[in-house]
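Subject: Structure handover

Hello,

Here is the structure for you to look through. My notes on its salt bridges follow below.

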Amino acid sequence: MLNYIATVTEDLVVVVLLITMLYAFFNIMYGHRGRRSQKIGIAVGLLASAAMAVAKNVTSKIATNRWNLYIFYVGIAAALIFVIFSLVSMRRKHSGLTAAEVISHLSGAILTADLIFYEAPDVMAYPFKFETLGSGVFSIAYLVRLIGWLLPLILLYVTARCLYQSILTLGSVRLLSVSLYLALAVNAFRFAGLILGKWLAKPKWLTWPVFRSADHPWAFPFAKFVSNNTLFFIVITEVIALLIPIILASRSIRVTQPYENSAQRRKLIAANRRCRRRTGVIVLCAAVFAVNLTVIKAYISQEVELSEPETYEIEDDKILISLEQLADGHLHRYEYTTDDQVDVRWIIIKKPGSGAYGVGLDACNVCGIAGYFERDGQVVCKRCDVVMNINTIGFQGGCNPIPLEYTVENGSIVIPLQAVIDGKKKFE
């Protein structure tokens with residue numbers, strides 16, 4: 001749940017703020033025509049995202065890195081064209097539809113669709129990838145993850161709605177255009193860094209003098225900074241977007257507009273109160289986003305130390321582990337070092353309410369050798385944070401540990417040594 005709260009917030013917060021500002025800009029500048037072009041851009045972006053989400057789930061042939069490069073190119077070009085021609089159309093006031101306005105509408109719609117297409121496919125696909133331990137969509141595990149996916153979407157919608165109303169209430173085209181252009185410039189800078197990082201990842205680009213670190217020491221540090229500081233660009237975009245509602249709230253502290261009677265004054269006081277409340281909601285949501293991207297993300301990303309391997313005996317090429325050692329019902333970890341110095345780990349846990357045991361390698365076919373740990377009486381995958389059904393440990397499937405052959409003899413778990421040695425290929 002927490003994982004999806006942080007991930008969806010990180011994926012969509014910048015996109016939602018930019019599209020909200022774009023939609024408000026086109027509404028104020030061009031009215032019905034502006035809203036219509038943006039609605040078309042949003043619809044195209046969502047439909048294309050849905051198609052990409054389906055394609056990614058039904059085939060492995062989608063080259064995400066290549067698609068992202070095209071998205072970055074289109075995004076930067078569309079943003080540049082939009083800024084240029086929106087400025088031209090603002091300077092030239094005409095009653096009819098001008099060429100500059102048409103290009104502004106088209107580039108703005110393409111930019112909106114491009115922003116959505118960059119982030120939305122993965123977010124749309126998350127509910128189809130929830131790990132539910134084989135219990136399907138009608139389970140608590142699925143419901144918890146679905147709530148974690150929905151909560152940030154609801155908060156983002158509320159933020160967008162309040163920000164949009166605040167922009168319309170303030171009605172300052174100059175302030176909105178400056179804020180929008182600045183936010184677009186910040187994210188175009190980010191896209192440029194991501195493009196450079198993808199170029200540098202390809203050896204053929206390193207033959208170009210402009211990308212040689214010895215000649216241009218800025219290239220690698222710039223690409224690295226952009227890649228490793230997503231939070232920085234999110235915070236800058238949030239601060240820019242917050243300027244308008246904060247300015248509006250500061251102007252709504254007292255009634256400054258003229259009024260003729262007490263009824264009009266009360267109406268103005270109520271309008272100011274709504275402005276302050278909207279700003280409060282936006283600031284609160286921004287604070288929640290900040291917590292999601294810092295505290296929650298740090299919590300789910302923290303490194304979990306696996307417990308130390310416990311002792312066991314080896315007799316006649318068999319590993320013997322006393323049942324008394326396993327009677328507490330907790331997770332027990334063991335390790336064997338092969339002749340070629342490969343450390344093979346396995347885990348054992350007594351299943352609740354029965355005399356059966358879950359025995360498997362400390363690895364799975366989904367998350368590799370990340371291992372498992374115990375948290376609040378539950379067995380959890382270290383890499384994906386999925387909680388295992390203890391009763392299914394020892395069976396194939398999902399994120400379950402790879403089963404390990406064993407028998408129970410004379411008060412001990414008996415595991416053939418060769419079975420452990422054969423598992424070394426998972427740990428090499």
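Lys297 is partly exposed, at 30% relative accessibility. Please keep in mind that this is a predicted model. There are five salt bridges in the structure, and I went through three of them.

As background, side chains of opposite charge can pair when their charged atoms come close.

The side chain of Lys297 forms a salt bridge with that of Glu10, at 2.9 Å from N to O. Glu10 belongs to helix α1 (residues 2-30) and Lys297 to helix α9 (residues 262-301), so this pair ties together parts that are 287 residues apart in sequence. Glu10 is also partly exposed, with a relative accessible area of 23%.

Asp362 and Arg333 make another salt bridge through their side chains (2.7 Å, N to O). Arg333 sits in strand β3 (residues 332-337) and Asp362 in the loop between β5 (357-361) and β6 (372-375), so the parts tied together here are 29 residues apart in sequence. Are these two residues buried or exposed? Asp362 is buried, at 0% relative accessibility, and Arg333 is buried with a relative accessible area of 2%.

Asp340 and Lys424 also meet in a salt bridge, at 2.8 Å from N to O. Asp340 lies in the loop between β3 and β4 (343-350), and Lys424 in the segment after α11 (417-422), so the pair links parts 84 residues apart in sequence. Asp340 is partly exposed, with a relative accessible area of 39%, and Lys424 is partly exposed with 23%.

Regards

Note on methods:
Residues are numbered from 1 along each chain as its sequence is written. This is a predicted model: local features need pLDDT of at least 70, side-chain atom pairs count only at pLDDT 80 or more; totals for chains, interfaces and linings use all residues. Side-chain values use heavy atoms; hydrogens and water are left out. A salt bridge is a side-chain nitrogen of Lys or Arg within 4 Å of a carboxyl oxygen of Asp or Glu. Helices (H or I, at least four residues) and strands (E, at least two) are DSSP runs, numbered from the N terminus. Buried means under 20% relative accessible area, exposed over 50%, partly exposed in between (1.4 Å probe, protein chains only).
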